[in-house]
Amino acid sequence: MLGRTANGLFWMFRYLERVENTARLLDAGLRMALTRDSVTAEEEWRSVISTAGQKRGYEAKHGTYTGVQAWNYILRDRENPASVTEMFNQVRTNARLARNAISGEVWEAINESWMEIRDLLSRPVGQNHVGEAIAMVRRAGTLAHGAMTGSMLRDESFHFARAGTFIERFDSTSRILDIKYYLLLPSLSYVGSSLDTGQWDTVLRSVSGDRAYRWINAGNIDARGIVEFLVLDDRFPRSLAFCQSALRQNLAALARIHGHEGRSNELMRQADTQLSSLTIEEIFEMGLHQFLLEFMASNARIAAAIGEDYRFLR
Amino acid sequence: MSEPAANFDEMRTAGGDVRPAYEGYCNWFDEQETRLLNRKNSEAEKNFRRTGITFNVYGEDEAEERLIPFDMVPRIIDSGEWRRVTRGIEQRVKALNAFMYDLYHRQEIIRAGRVPERLFRNNEAWLPNMVGFTPPGGVYTHIVGIDLVRTGPDEFFVLEDNARTPSGVSYMLENRETMMAMFPELFTRVPVETVSDYPRRLAKSLAACAPPGTSGKPVVAVLTPGIYNSAYFEHAFLADQMGAELVEGTDLRVVDGKVKMRTTSGYRTVDVIYRRVDDDFLDPLSFNPGSVLGVPGIMDVYRAGNVTIANAPGTGVCDDKAIYSFMPEIVEFYTGEKPLLPNVQTWRCSEKDSLAYVLDNLPELVVKEVHGSGGYGMLIGPTSTRKEVADFRKKIEAQPENYIAQPTLALSTCPVFTKSGLAPRHVDLRPFVLVSPDKVDITPGGLTRVAMKKGSLVVNSSQGGGTKDTWVLKE
């Protein structure tokens, strides 16, 4: 396939993942804000905006943090390149670019969702519709992934798409952890804590991991457990270990299809060895923030190497 | 505004009887509930939106992607009519191809005095780089769209030849898909020739035109100007259906005397390029130096016989309306036969007597720019105001050689579905023709364009025209 088409697929699925993660983040923030007094709610929206990486753009436009402003900015602000509508435009544009590398079912899933989202978000979103908008965005991701699983040939296009998904998901989980890491320091975690477990709950919710975590830990919420779950538990599909392992398989499949390994495989192996040798104690010892910085940088290097190995741009 | 002349309706006779070709359809139609049909009508639009069959309109931000209106009443042609039409098309397309060869070689037709030299000397589509060169297999016009209009039971006329890059075939295919999805029962009652194998026929026809040095199965690619082009959907659609790569100029490069595309595993040779970019943008070294859509050096590879470009550069000459006016002579010169499909009578304003006639009869005539297309820059005398006619007269007088004129034909009508029932609207027909070294292949059907406004004769989508599914009945 064409390098440019592979690039289109990769970015189509990166944006799709990003848009979906933004919706999750918004969902968790919304819930948090609803259960708080107005001062804490304002703090919560500030945190949502900054976790989404949209602080600078938001503050250039708004002086205060309110729910309505925040979700409208995140969902539909035309001047915000990371808004849901703008990112979904990117998903669809890349899908059009890679139109003959995806099945008709995947294309229709994307195109139909794009039309729905565009219609729903064509007007300001009030309190009564924000939940619907979030659900629609999440459904868009589910539809596209489902159509892909059920209808796409397991050739290189499939693996480029998947690589985009996991590179982006790794980055997203890392960033959520990094923004909230001060809440998750082990010093704050002692038995019988009267500390704000609601914040930890938000972290789990923003990666749709609250249910899974409860089942694994039988209701015990503590910071160490959450970090271990989100970093090292390879059963949870949004953990760093899971993303890395999935990505490694996709890159291995690409190398097999092409008959040789590239720099991306080498970097992948290094990152993999590093992560699988770490324990949660060691991670806290080196500092969670430091650890996340290193792994986000390594993830970015792998993404760049994929583009070079497979001639995305030249 | 004067009333259009009485015209031939393809569904009903003047006495109101249903013609045989439409009997099966009309029987079915009469059994349907209007409410159901109304619902289906809006379903059709949703279907087109979902699959993304849209065209881009330049300079309109909000309505960036538009749908061409679709009418759900099929246009039906019986097998006998179709057979006669295809014989005429085949003859004409062969003549066009022979004409292209001759024009870029010995120019016998000019030596014989049948066509004046100035015709192509002043033609911007004429390419000196093509002189003396023969494309692989001798094929110039790989894909042709012949626009036909009808005025009576067996009276089909050619309105235009589209040999440059005829578009619209994706609508032929998707209109049929939509009809089959909406009215499956209808297709069990009326036997209709299939159109859905067009992409396979196209792939086969293009592969048959691969350069002689091709090793193994020819690699075909569709060259598009990119996602902002108004016909991008069609480019992507055809590439996908053919299992061919959809390339842009930046994906291609000349390496070791071959055209290669940048794949994920390196540069790979392309043997046949179905290009949907104009000649001007093909090669910045040979043509427009500012073009970023093309491939530097591709014309050298082409002239060395190492790649096939479809359609061949320089075939746009055929689309010229002044050339069109000579088609009867051209057909006769190369085939030795009288044309089976007549031209519409055409006056060339470059000729003194014709110009006088045209200026005297302007309110009754249709006047077109020689190089124009898409329904732009034309005058339809009978439906124009006196001022519009007077303004156009000045344009003709200033540059008579830029114009041809034709009588206002009583175009046939087909019924369209409206809120108040079926109503006749004017139609034309664009069958799609594939040419390979040993075969002219015509898909039974084509694109029927329909004027959606009552009485209007303009069917172009850029002017609000719509499309219909076109049925050729099985024998």
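Trainee: Which residues does Val84(A) touch, not counting residues up to four places away in sequence?

Mentor: In this predicted model, Val84(A) touches Val19(A), Thr22(A), Ala23(A), Ile74(A), Leu75(A), Arg76(A), Ile117(A), Leu121(A) and Val137(A). Contact here requires C-beta atoms within 7 Å, so each of these residues meets that cut-off with Val84(A).

Trainee: What makes Val84(A) stand out in the largest nonpolar core?

Mentor: The core has 211 residues, and Val84(A) and Ile273(B) touch the most other members. Helix 1 of chain A gives the most to this core, with 16 residues.

Trainee: Why is this core said to lie between domain 1 and domain 2 of chain A?

Mentor: Both domain 1 (1-152) and domain 2 (154-314) of chain A give residues to the core, so it lies between them. As a general matter, nonpolar side chains tend to be buried together in soluble globular proteins.

Trainee: What is Thr5(A) in contact with, leaving aside its neighbours within four places in sequence?

Mentor: Thr5(A) is in contact with Leu97(A), Ala98(A) and Ala101(A). Ala98(A) is 93 residues away along the chain, yet its C-alpha atom is separated from that of Thr5(A) by 5.0 Å.

Trainee: How do you know that the span of helix 2 of chain A agrees with 1.5 Å a residue?

Mentor: The 14 residues of helix 2 should span 20 Å, and the end C-alpha atoms are 20 Å apart, so the two values agree.

Trainee: Which residues of helix 2 of chain A are buried, and what do they pack against?

Mentor: Glu44(A), Trp45(A), Ser47(A), Val48(A), Ile49(A) and Thr51(A) are buried. The buried residues of helix 2 pack against helix 1, helix 3 (55-61), helix 4 (67-76) and helix 8 (156-180) of chain A. Helix 2 is followed by Gly53(A), whose phi is positive, near 75°.

Trainee: What makes up the contact between chain A and chain B?

Mentor: The contact takes 17 residues from chain B and 19 residues from chain A. On the side of chain B that touches chain A, helix 2 (34-51), helix 9 (232-242), strand 7 (245-247) and strand 9 (258-263) of chain B give two or more residues. That side of chain B has six nonpolar, five polar and six charged residues.

Trainee: How confident is the predictor in chain B and in the complex?

Mentor: Chain B averages a pLDDT of 91, and 96% of the residues score at least 70. For residues 1-5 of chain B, pLDDT stays under 50, and pLDDT also stays under 50 over residues 59-63 of chain B. The predictor gives the complex an ipTM of 0.87 and a pTM of 0.91.

Conventions:
Residues are numbered from 1 along each chain as its sequence is written. Chains are lettered from A and ligands numbered from 1 in the order in which they are written. This is a predicted model: local features need pLDDT of at least 70, side-chain atom pairs count only at pLDDT 80 or more; totals for chains, interfaces and linings use all residues. Two residues are in contact if their C-beta atoms, placed from the backbone, lie within 7 Å. Helices (H or I, at least four residues) and strands (E, at least two) are DSSP runs, numbered from the N terminus. Ala, Val, Leu, Ile, Met, Phe, Trp, Tyr, Cys and Pro count as nonpolar, Asp, Glu, Lys and Arg as charged, and the others, Gly among them, as polar. The expected span of a helix is 1.5 Å times one less than its number of residues. A residue is buried if 20 or more other C-beta atoms lie within 10 Å of its own, exposed if 12 or fewer, and partly exposed in between; C-beta atoms are placed from the backbone. pLDDT is the predictor's confidence in each residue, from 0 to 100. A nonpolar core is a set of buried Ala, Val, Leu, Ile, Met, Phe, Trp, Tyr and Cys residues joined through C-beta atoms within 7 Å. Domain bounds come from an automatic or database domain assignment.
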